[in-house]
Amino acid sequence: MGPVFGVWRPVEPKLLRRVHDRLSRTGGCETVWYEPSRRDANEVVTKIDPVSFLEREYAAPEARLRVEFDLEGERPHYWIQWWEPDSGRGFGWHADETEPDYGPVHLQIKYPDGTTDRQSAEHVEDEHPYRTFEQRLVSIPEQLSKIQWQ
């Protein structure tokens with residue numbers, strides 16, 4: 001869906017509201033907001049206190065989680081990205097066509113030295129986008145434990 005009378009109309013407002021509400025009730029998510037704005041939202045972002053979110057000690061003092069969906073086209077796309085601004089490192093699950101060698105979903109890890117690693121990630125073809133978000137959200141602690149930040 002494109003702009004209507006010069007105003008961008010979001011394609012996934014109900015889904016993004018559910019994501020916003022879920023993150024607002026999640027421990028460690030200090031501030032949750034829409035980007036670029038609530039009215040024209042195309043993603044949800046939260047500032048995270050990693051120690052509260054992960055319920056364990058963690059090296060980064062702050063993280064961000066960005067959640068974006070694009071439900072147009074033949075199959076839904078999403079980007080769920082953990083980012084640590086102080087260190088410049090992060091990882092995320094990307095369901096898009098940018099890296100076809102890794103299948104429909106890939107895990108992308110960005111290291112502080114600027115290098116990026118990609119690998120195939122689990123994908124369930126008929127999964128509802130909100131269930132995908134929930135699955136990825138609860139797997140963040142385990143995923144962070146697996147990453148060797150070099």
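Biologist: Hi! Let me start with a detail: in which loop is Pro36 found?

Modeller: Pro36 is found in the loop between S1 and S2. Those labels come from DSSP runs, numbered from the N terminus: helices are H or I runs of at least four residues, and strands are E runs of at least two.

Biologist: And what kind of peptide bond joins Glu35 and Pro36?

Modeller: A cis one, with omega at about -5°.

Biologist: What should I know about the model itself?

Modeller: This is a predicted model, where local features need pLDDT of at least 70, side-chain atom pairs count only at pLDDT 80 or more, and totals for chains, interfaces and linings use all residues. Residues are numbered from 1 along each chain as its sequence is written, and side-chain values use heavy atoms, with hydrogens and water left out.

Biologist: Good. How many helices and strands are there in the chain?

Modeller: The chain has 3 helices and 7 strands. Starting at the N terminus, the order is α-β-β-α-β-β-β-β-β-α. The radius of gyration is 16 Å, close to the 15 Å from the globule rule for 150 residues, so the chain is as compact as a globular protein of that length. That radius is taken over C-alpha atoms, and the rule is 2.2 Å times the number of residues to the power 0.38.

Biologist: What box do the C-alpha atoms fill?

Modeller: Roughly 50 × 35 × 25 Å, taken along the principal axes.

Biologist: What percentage of the residues is buried?

Modeller: Buried residues are 43% of the 150 in the chain. Here, buried means under 20% relative accessible area, exposed means over 50%, and partly exposed is in between, using a 1.4 Å probe and protein chains only.

Biologist: Let's switch to H1. Which of its residues are buried?

Modeller: In H1 they are Leu15, Leu16, Val19, His20, Arg22 and Leu23. Looking down the axis of H1, these buried residues fall within an arc of 165°, so they line one face of the helix. The arc is that of the directions from the helix axis to the C-beta atoms.

Biologist: What do the buried residues of H1 pack against?

Modeller: Their partners are strand S1 (29–35), strand S2 (43–48), strand S3 (63–70) and helix H3 (129–146). Contact means heavy atoms within 4.5 Å.

Biologist: Which residues touch the most other members of the largest nonpolar core?

Modeller: Leu23, Leu65, Trp82, Phe91, Trp93, Phe133 and Ile140 do, in a core of 36 residues. H3 supplies the largest share of this core, 5 residues. A nonpolar core is a set of buried Ala, Val, Leu, Ile, Met, Phe, Trp, Tyr and Cys residues joined through side-chain atoms within 4.5 Å.

Biologist: Tell me about Trp82. Where is it found?

Modeller: Trp82 is found in strand S4 (residues 77–84). Its relative accessible area is 1%, so Trp82 is buried. Leaving aside neighbours within four places in sequence, Trp82 is in contact with Ile48, Phe53, Tyr58, Ala63, Arg64, Leu65, Gly90, Phe91, Ile140 and Leu144.

Biologist: And Tyr34, is that buried or exposed?

Modeller: Tyr34 counts as buried because its relative accessibility is 11%. Tyr34 has its place in strand S1. Apart from neighbours within four places in sequence, Tyr34 is in contact with Leu16, Arg17, His20, Ala41, Glu43 and Val44. Leu16 and His20 are among the buried residues of H1.

Biologist: Now the loops. Where is Glu55 found?

Modeller: Glu55 is found in the loop between helix H2 (50–54) and S3. Glu55 has a positive phi of about 60°, although it is not a glycine. At 73% relative accessibility, Glu55 counts as exposed.

Biologist: Which loop does Pro85 lie in?

Modeller: Pro85 lies in the loop between S4 and strand S5 (89–95). Its relative accessible area is 35%, so Pro85 is partly exposed. Setting aside neighbours within four places in sequence, Pro85 is in contact with Glu62, Ala63 and Arg64. Ala63 and Arg64 are also among the contacts of Trp82.
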